[in-house]
Amino acid sequence: MDAKTYTAPPSIGRYGSRALVFGVAALALAAAVSFLFPQEHIPGPVQFFRAYLVAYIFCTGLGVGSLAWLMLQHMTGGGWGLVIRRPLEAATRTIPLLALLFIPLAVSLFVHPGGESLYEWSDAAKVAGDEALRHKSAYLNPVFFIVRAVIYFAVWGVMMYFMNKWSAEQDKTGDPRIRRLMQDASAPGLLLFGLTVTFAAMDWGMSLEPHWFSTIYGLIIMVGWGLSALALMIIVLTVLGAEEPMEGVYAPLYFHDLGKLLLAMVMLFAYFSFSQFLIIWSGNLPEEIPYYLRRLRGWWQYVGLSLILFHFALPFAMLLSRGVKRHARALRNIAILMLLMRVVDLIFIIAPAAYQDTAEPTGIHWQDLLTMSAAAAGLFGIWLWYFFGQLTKRPLMPLGAPELEKTMEAAAASAHH
Amino acid sequence: MQRVDNLDDDRGIHTTPAVIEPGHDFGTVTDKISSIVLRKRTPLGWFVGFLISFMLTGMMMGTILYLVMTGIGIWGNNQPVGWAFDIINFVWWIGIGHAGTLISAILLLLRQEWRTSINRFAEAMTLFAVASAGLFPLLHTGRPWLAYWLFPYPNTMGMWPQFRSPLMWDVFAVSTYATVSALFWYTGLIPDLATLRDRARSKFGRVVYGMMALGWRGSARHWHRYEITYLLLAGISTPLVLSVHTIVSFDFAVGIIPGWHATIFPPYFVAGAIYAGFAMVLTLVIPLRKFYGLEDFITERHLRNAAKVMLATGLIVAYGYMMETFTAWYSANTYEEFMIRNRFFGPYAFYYWSLLVCNVVVPQLLWIRFVRHSTVALFVIAMFVNVGMWLERFVIIPISLHRDFLPSSWGMYSPTIFDFTMFFGTIGFFFFLMFLFLRFLPVISIFEMRTMVPEAQLPEEKLP
């Protein structure tokens, strides 16, 4: 292993504490605006919970999405997986924090100021007056909602625990069987991931509009999570690669591979979203189309248009270029754009749900935009602080991985071409 | 214990069987593959298989003749089940074709070298499957000689097809797919056709293969252009795998019939297509490598990889069934709920349960390593999937149609003898083309296999 120990540079700790200060401030801003400048029909607490939900789904996607990438790279192998493995593992170790951060959402189920709530179905009075909600109450009720969340986090937590434990053991012993073990556990792990994320997506996102349903919804959120986790990893590599000990370790070859994966995720997300739109638009059924009517009228249609342009067209066109994919800075900029657009997409999914009862074309309310983006930035800051803390705890490369040496040689060789 | 056996002791990288068995060089690869076409005596089994498939093709021709003379009333589909065997078989065949494109184009772009020995064969499978598929909608028009009306062309009647209809998109998707697949396959064949031309003993063989080789001389410039063309065609084919079956799924999902109108359909259909396609690849390749002694080229590794792809895509398909069932309840929509109840307990419940056994239960055996390593077990599971994927389309199409919104317009569907002669006829037609291909063209890409032997490997190319 010569002199290389790949310990994280001290600057990472500094970034972490800055992110924490910024995060707490932004979250406080979101809370202040929610409570001091409420909208007409949306009381302060509900406004805050809605903003928090955007932030929460975004940040959970970073932690849980990383879990999927971690298992995927164990299954497929390849240099790109090796270089992002430690950042991925660090991101999965934020899952306990994310479980803790779920508490406000659980609380929201029991808060109904002025008859308004985050989730309409959590209010017994509303359920009693609505036949469809009565039917769904076997699934959509506060207790079962919390039980399900506990199950999701238990599943994710167990997978996170073993993947990290085995990886640490591999560092210590270099036992070749561990590689096989992680590979074998990853296939059923991904299966469990798919199931839990699907239902988590329906619980947390889809049930905001409890009369509406779409069978592809789980896949859309799943790919969104994968996309944001991958974009974050690209950014982390460029940050780490800027100084010793990682300077020069991340060869263009890996950025090229990660760029290809980012392109694939961008296309997959667009494919799923467009399929959902086209099918619902063509069917034009009364229980489905309101979802899009709320989002394609007034100012919201421009948000939708911005998604087409900046969540798909622009990154798609840029990522086609081989030069862009191999250029770390250029790729990082696209990754930052993708993280921003993920927040925009979540706002697009979540915000209009609060205007289900208004027949008017839905306007965009500045409170929504401000509280939701501030909350997303805030929770992301807090999450980053924890993530950076985890990142400094282990070497930045899996030292015990049998393929490490070969991969580093190949990367060095490719850099000269 | 089994784990330890598979480990390469010092590096910890478990050994996977090679994509080509050791002991081959440029000469033996060329000999072995080209001899099937040029040297060896045609085995008796080939004649038997050819004859059977030829007879089935004759049966198909007879059915088509009767259908064209009489009308599509000879089939069982009628109100309320307007789509049945014709569309089931169309979707089934198109799906089978997709594995060929996946193997030849997507795996090429992903630099998966193991694809080399099966891509030619898989592309041929695509082509013949698309040919079989195309017959069904063509004949379902009832007047196949007027099928050109499907294309938008300026005409004196001033009529245009309905551009909002997915059936219209289907015409474009499938015809593009057929064209690109044929081009891709033929382009890949050219260097090998030249090899056959050079090695053929008969004058006739030299002339025919020579004409088909389009003057290939193997110069550096030829190779340069060839590589560019092939890569471009691979790039064009790749989105087609997704787009064709996505549009096939729109044929249903864009409508509002419960059981058809589901947003999950596009990815679920694409996964189902690849699932069915890999099952068909295994069905064909397992006997083929045995009879022609191609075990050195189509190795255990290929079969295991195909098994893994089948397991993964099969799970996506199962996910689709699960989402449909859960959402039907969650929707609180009477018609959606009834559709699922009708699948599980209605008059055609037997077929839905069989589908679940074939597509969801049996393939779970592929999780077990020794099942993946057993050629016989893989063949049997692949047969289950072939049947299961046909049943899936049966469940989606006639079962959704036979009981929709109004109980007064419910009805039952049963196929006639001509539905079966047409279906089995196309299976015969598919194998008829397959047997011709086996006999007259190199079933494995000779020149690509040459790049797999040790003497072709340069150290720089061994990047991970």
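Tutor: Let us start with a definition: helix axes are lines fitted to C-alpha atoms over the stretch in contact, and the angle between them runs from 0 to 180 degrees between N-to-C directions. Keep in mind that this is a predicted model.

Student: How do I read the packing of helix 10 and helix 14 of chain B, and at what angle do they cross?

Tutor: In chain B, the axes of helix 10 (residues 300-330) and helix 14 (residues 375-402) come within 11 Å and cross at roughly 30°. That makes helix 10 of chain B roughly parallel to helix 14 of chain B, because angles under 35 degrees count as such. Their crossing is left-handed.

Student: Which residues of helix 10 and helix 14 of chain B meet?

Tutor: Helix 10 of chain B brings residues including B:Leu303, B:Met310 and B:Tyr321, while helix 14 of chain B brings, among them, B:Leu378, B:Ile381 and B:Val385. By class, this contact of helix 10 with helix 14 of chain B has nine nonpolar, one polar and two charged residues.

Student: How does helix 4 of chain B pack on helix 14 of chain B?

Tutor: Here the axes of helix 4 (residues 85-109) and helix 14 of chain B are 9 Å apart, at an angle of about 140°. These two helices of chain B are therefore oblique to each other, and their crossing is right-handed. Among the residues in contact are B:Ile88 and B:Trp92 of helix 4 of chain B, and B:Trp390 and B:Phe394 of helix 14 of chain B.

Student: Now the interface. How many residues does each chain give to the contact?

Tutor: Chain A contributes 49 residues and chain B 41 residues. About 4100 Å² is buried between chain A and chain B, with carbon and sulfur atoms giving 70% of that area. On the chain A side, A:Arg180, A:Thr215 and A:Ile279 lose the most area to chain B, together 19% of what that side buries.

Student: How many salt bridges are there between chain A and chain B?

Tutor: The count is one salt bridge. The side chains of B:Arg369 and A:Asp184 meet in a salt bridge, at 3.5 Å from N to O.

Student: What should I look for in the backbone?

Tutor: Most residues other than glycine have a negative phi, and most peptide bonds are trans. In chain A, a cis peptide bond joins A:Glu244 and A:Pro245, with omega about 5°. A:Pro245 sits in the loop between helix 10 (217-240) and helix 11 (252-283) of chain A. The bond from B:Gln79 to B:Pro80 is also cis, with omega near 0°.

Student: Where is B:Leu214, and what is its phi?

Tutor: B:Leu214 has a positive phi, near 55°, and lies in the loop between helix 7 (203-212) and helix 8 (220-253) of chain B.

Key:
Residues are numbered from 1 along each chain as its sequence is written. Chains are lettered from A and ligands numbered from 1 in the order in which they are written. This is a predicted model: local features need pLDDT of at least 70, side-chain atom pairs count only at pLDDT 80 or more; totals for chains, interfaces and linings use all residues. Side-chain values use heavy atoms; hydrogens and water are left out. Helices (H or I, at least four residues) and strands (E, at least two) are DSSP runs, numbered from the N terminus. Angles under 35 degrees count as roughly parallel, over 145 as roughly antiparallel, 65 to 115 as roughly perpendicular and the rest as oblique. A crossing is left-handed if the near helix is turned anticlockwise from the far one by less than a right angle, and right-handed if clockwise. Contact means heavy atoms within 4.5 Å. Ala, Val, Leu, Ile, Met, Phe, Trp, Tyr, Cys and Pro count as nonpolar, Asp, Glu, Lys and Arg as charged, and the others, Gly among them, as polar. Buried area is the accessible area (1.4 Å probe) that two parts lose on being put together, summed over both. A salt bridge is a side-chain nitrogen of Lys or Arg within 4 Å of a carboxyl oxygen of Asp or Glu.
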